[in-house]
Structure formats: C-alpha cells, structure tokens
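Thanks for coming. I will go through one structure and keep it short. Please have a look at it first.

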There are 2 protein chains.
Amino acid sequence: MKVRVVTNILEANDRIAAENRKLFAEAGVYVMNIMSAPGAGKTSLIECTIKELNDKLKIGVIEGDIAGTDDAQRIESLGIPVVQINTGGACHLDANMINEVVADLPLKDLDFLIIENVGNLVCPAEFKVGEDMKVMLLSIAEGDDKPLKYPLMFQESSALILNKIDLLPYTNANIEKIKKDSFSLNPRLKIFEVSCKTGEGIVDWARWLQSLAA
Amino acid sequence: MKVRVVTNILEANDRIAAENRKLFAEAGVYVMNIMSAPGAGKTSLIECTIKELNDKLKIGVIEGDIAGTDDAQRIESLGIPVVQINTGGACHLDANMINEVVADLPLKDLDFLIIENVGNLVCPAEFKVGEDMKVMLLSIAEGDDKPLKYPLMFQESSALILNKIDLLPYTNANIEKIKKDSFSLNPRLKIFEVSCKTGEGIVDWARWLQSLAA
C-alpha cells in the first residue's frame with residue numbers, strides 16, 4: 001500500500017518539478033541540489049564553494065531542514081541571498097516546497113542556485129525539485145559501504161564529493177572501494193576528494209561548477 | 001496532502017506495532033530499535049554489544065537496509081540468529097516488515113532482540129515497530145548541530161550513544177553542546193560516550209542493556 005502512495009506523490013511532484021525547471025531556465029539560473037546523510041558537511045561545502053566562486057558567479061541558496069535556521073544564518077553571514085525551508089516532519093525537499101519559496105529569491109539576478117536538501121540518503125534521491133543536477137556528499141567517517149547500501153542516491157547524482165578527507169588516516173574507510181562501488185552503480189559519476197576543514201580539493205570542485213554554470 | 005497520507009500510514013502502523021509488542025512480551029524478549037544516520041556505526045555497536053553480552057543473554061538481530069546483506073553477514077559470523085530486511089525504496093523499518101520476519105527467528109529462545117533500522121535521522125523516529133525502547137547513535141564526526149536539526153529522533157530515544165569518540169580530537173564537534181541540546185529536548189535521555197574502534201565505554205553501555213533485558 002505504501003508503495004502506491006509514494007508513486008502518486010512522485011507523479012504529482014514531477015509535474016511541479018518541470019514547472020520549476022522552466023522557471024529557472026527562463027531566469028538563466030543553473031540549479032544544483034546537494035544531498036547527503038546528516039552531518040556529512042553540506043553547509044560547510046556550500047560555504048567553501050561560495051568563498052571560492054563569489055567573485056565569479058552570483059549565487060543564491062535554499063536551505064532545507066526538518067527544523068531550525070542554523071544553516072541559513074551561516075549562509076546569510078556571507079552576504080548571500082538565502083531562504084530557509086523547514087519541512088516539519090518531511091525527510092526530503094519536494095518540488096512544491098521549492099515552488100513556494102522561489103519568489104523570495106532575486107532569481108533574475110542569480111547565475112547559480114544551490115539547494116541544500118534535508119540530511120538523508122534515501123528519499124531526496126527520489127524527489128526532483130527542478131534542478132539541473134543532483135550531487136551528493138559522503139563523509140569519509142561514514143565508512144566505505146554506503147554505495148551498495150544506498151544505490152539510488154549514487155545513481156541519481158552527477159558528482160560524488162568525498163568530504164572530510166583529512167579524517168582518512170583515523171578511519172578504516174577504503175577510499176578505493178568507495179570509488180569502485182560508486183562507478184559500478186554510475187559509470188559517469190564525477191568524483192571529488194575534498195576537505196572543507198583544510199580546503200583540500202575545493203578549487204577543482206569550484207572550477208567544475210563554474211564551467212557548468214557559465 | 002502529504003501530511004494526511006503519512007498520518008494514515010502511521011495509524012495502521014501503530015496497530016501492527018502493538019501486535020508485535022504483545023508477541024515479544026509473550027516470548028519474554030526485550031526489544032531495542034537502534035536508529036542513526038548512515039555510517040554512524042550501528043552495526044559496529046551491535047557487534048561490540050554482542051561480544052560483551054553473548055555469555056549473559058541470548059541475542060537475536062534483525063537488520064534493516066535499503067539493499068544488500070553486508071550487515072547481516074557481519075552478525076551471522078558471530079554465530080547469532082539474524083534476519084536481513086531489504087526495504088527496497090523505504091527509508092525506515094515499519095511494524096509490518098517486522099511482523100513478516102519474526103517467524104524466521106527462534107523468538108522463544110531469545111532474551112534480547114536488536115533491530116537495526118535503516119540509516120536515517122527522520123522517519124525511523126516516526127514508526128514504532130513493537131520495540132520496548134528506541135536508542136540512537138550519533139557519530140562525533142557528524143558535528144554538534146544534530147539535536148536541534150532532528151529533534152524528534154532525540155525525543156523518541158531512551159538513550160543517545162555518542163560513537164567514534166576517538167575522532168573527537170580531529171573534529172570541531174563540541175560534545176557539551178550535543179549533551180546540552182539533547183537534554184533540552186529530552187531531559188530523561190541516558191547518554192553514553194563510546195568508541196567501537198577502541199572499545200571505550202562499551203562495558204558501561206552493555207551493563208545498562210543487561211539490566212534492562214534481565
């Protein structure tokens with residue numbers, strides 16, 4: 001029964017996602033939907049990315065969280081237009097939530113819109129929000145078994161950002177296994193190794209984004 | 001509309017959870033439902049706990065994952081009765097899934113049943129499965145902002161296990177903030193600091209479980 005419910009929700013969602021996508025295209029904004037487990041470092045990555053690209057692209061952010069405004073405050077302190085969505089109980093952003101808040105952003109002035117999804121490795125992969133691409137973050141501290149356990153997330157993403165690479169010496173994670181299993185699920189996946197703490201790998205990641213948003 | 005759907009699902013779920021709970025009580029099994037984000041170390045904690053309690057309690061395990069049997073294989077290699085549930089798309093275990101697999105376990109021979117939920121900080125907190133208590137794991141590497149972002153999980157749990165405490169020197173996480181915010185959401189929360197890698201804190205945690213299951 002539950003599967004049928006999800007299917008109905010997904011069909012309605014996809015129609016609204018297509019509307020959002022048209023709106024973004026007309027405004028000339030490239031849209032990235034960032035997904036990860038809780039605590040993998042999505043907001044930190046957005047902060048690093050903004051610092052790297054702020055003089056090259058006009059960036060806006062939509063923050064998705066169950067509750068709280070911590071993340072939006074962090075982005076706002078960088079002088080970036082930001083909207084916080086609180087989903088209440090919902091474990092993912094959907095197209096309707098995005099549709100309801102886009103008017104709060106100066107869409108026509110932006111080149112690049114970053115949407116930070118709710119921390120969750122399952123449902124965010126199932127719901128389109130009108131993005132040009134999905135990317136996912138995986139913290140090295142989460143271990144090397146995630147691709148085979150959460151396959152849809154890896155299949156739906158254009159890029160995989162391996163974050164907290166500075167913790168690699170202190171964990172048992174095998175980074176080659178992560179890459180091999182990820183490529184087996186999605187041979188076209190672009191993989192970046194970064195540390196938002198040390199700055200390692202951020203320039204390459206930002207350069208790639210700039211080429212897409214240009 | 002989506003909220004209404006979830007409500008219907010939750011009502012049906014609670015009825016089946018009550019049936020499961022009766023079944024467990026009749027068999028004399030204490031049931032713990034473990035929840036966390038992906039990669040916080042649920043399976044590692046279960047392994048540590050089994051090694052500590054194996055000569056004191058008869059333990060069984062139900063493993064919940066979107067896909068794969070890695071976790072069940074790890075538990076089986078310890079000589080423990082285990083069932084793997086693959087949820088397909090569902091981001092949490094529900095009471096019906098548990099109801100369908102209990103017959104595969106030697107329930108009457110067990111003292112303690114550990115249910116490992118799907119890695120997710122949202123929906124597992126909303127779905128009862130017939131457990132005596134929920135507990136949650138938080139990896140230190142996930143940062144100190146999780147209690148206020150995923151409040152329901154902290155409110156529904158009887159215990160919070162702070163795992164990967166060995167990584168504390170290499171992160172920016174403020175463990176006192178985690179404790180303070182967790183207690184503000186749930187003053188009766190029992191908090192344990194452990195490392196499944198070094199073994200730190202496991203004896204205290206296991207002793208507490210033993211007192212509950214006895």
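This is a predicted model: local features need pLDDT of at least 70, side-chain atom pairs count only at pLDDT 80 or more; totals for chains, interfaces and linings use all residues.

Residues are numbered from 1 along each chain as its sequence is written, chains are lettered from A and ligands numbered from 1 in the order in which they are written, and side-chain values use heavy atoms, with hydrogens and water left out.

The two chains, then. Chain A can be laid on chain B with an RMSD of 0.0 Å, by a turn of 180° and a shift of 0.0 Å along the axis. The superposition is by least squares on the C-alpha atoms of residues with pLDDT of at least 70 in both copies. That is the relation of a two-fold axis. Both copies use the same surface, since 100% of the contact residues of chain A recur in chain B. Contact here means heavy atoms within 4.5 Å.

Next, a helix pair. Helices are DSSP runs of H or I with at least four residues, strands are runs of E with at least two, and both are numbered from the N terminus. Two packed helices are described by the angle between their axes and the distance between the axes. Axes are lines fitted to C-alpha atoms, for helices over the stretch in contact, and angles run from 0 to 180 degrees between N-to-C directions.

In chain B, helix α2 (residues 42-53) packs on helix α8 (residues 202-213) at about 70°, with the axes 10 Å apart. That makes α2(B) roughly perpendicular to α8(B); the class covers 65 to 115 degrees, with under 35 roughly parallel, over 145 roughly antiparallel and the rest oblique. From α2(B), the contact uses B:Leu45, B:Cys48, B:Thr49, B:Glu52 and B:Leu53. Their partners in α8(B) are B:Ile202, B:Val203, B:Trp205, B:Ala206, B:Leu209 and B:Gln210. By class, the contact of α2(B) with α8(B) has 8 nonpolar, 2 polar and 1 charged residues. Nonpolar covers Ala, Val, Leu, Ile, Met, Phe, Trp, Tyr, Cys and Pro, charged covers Asp, Glu, Lys and Arg, and the others, Gly among them, are polar.

B:Cys196 is in no disulfide either, with the sulfur of B:Cys48 nearest at 3.8 Å. B:Cys196 is also buried, at 18%.

B:Asp71 sits in helix α3 (residues 70-76) and is buried, at 0% relative accessibility. Leaving out residues up to four places away in sequence, B:Asp71 touches A:Asp145 and A:Lys149 in chain A, and B:Thr43, B:Glu63, B:Asp65, B:Gln84 and B:Glu116 in chain B.

B:Ile98 is in helix α4 (residues 95-101) and is buried, at 0%. With the sequence neighbours up to four places away left out, the residues that B:Ile98 touches include B:Phe24, B:Ile62, B:Ile85 and B:Val129.

Methods:
A disulfide is a pair of cysteine sulfur atoms within 2.5 Å. Buried means under 20% relative accessible area, exposed over 50%, partly exposed in between (1.4 Å probe, protein chains only).
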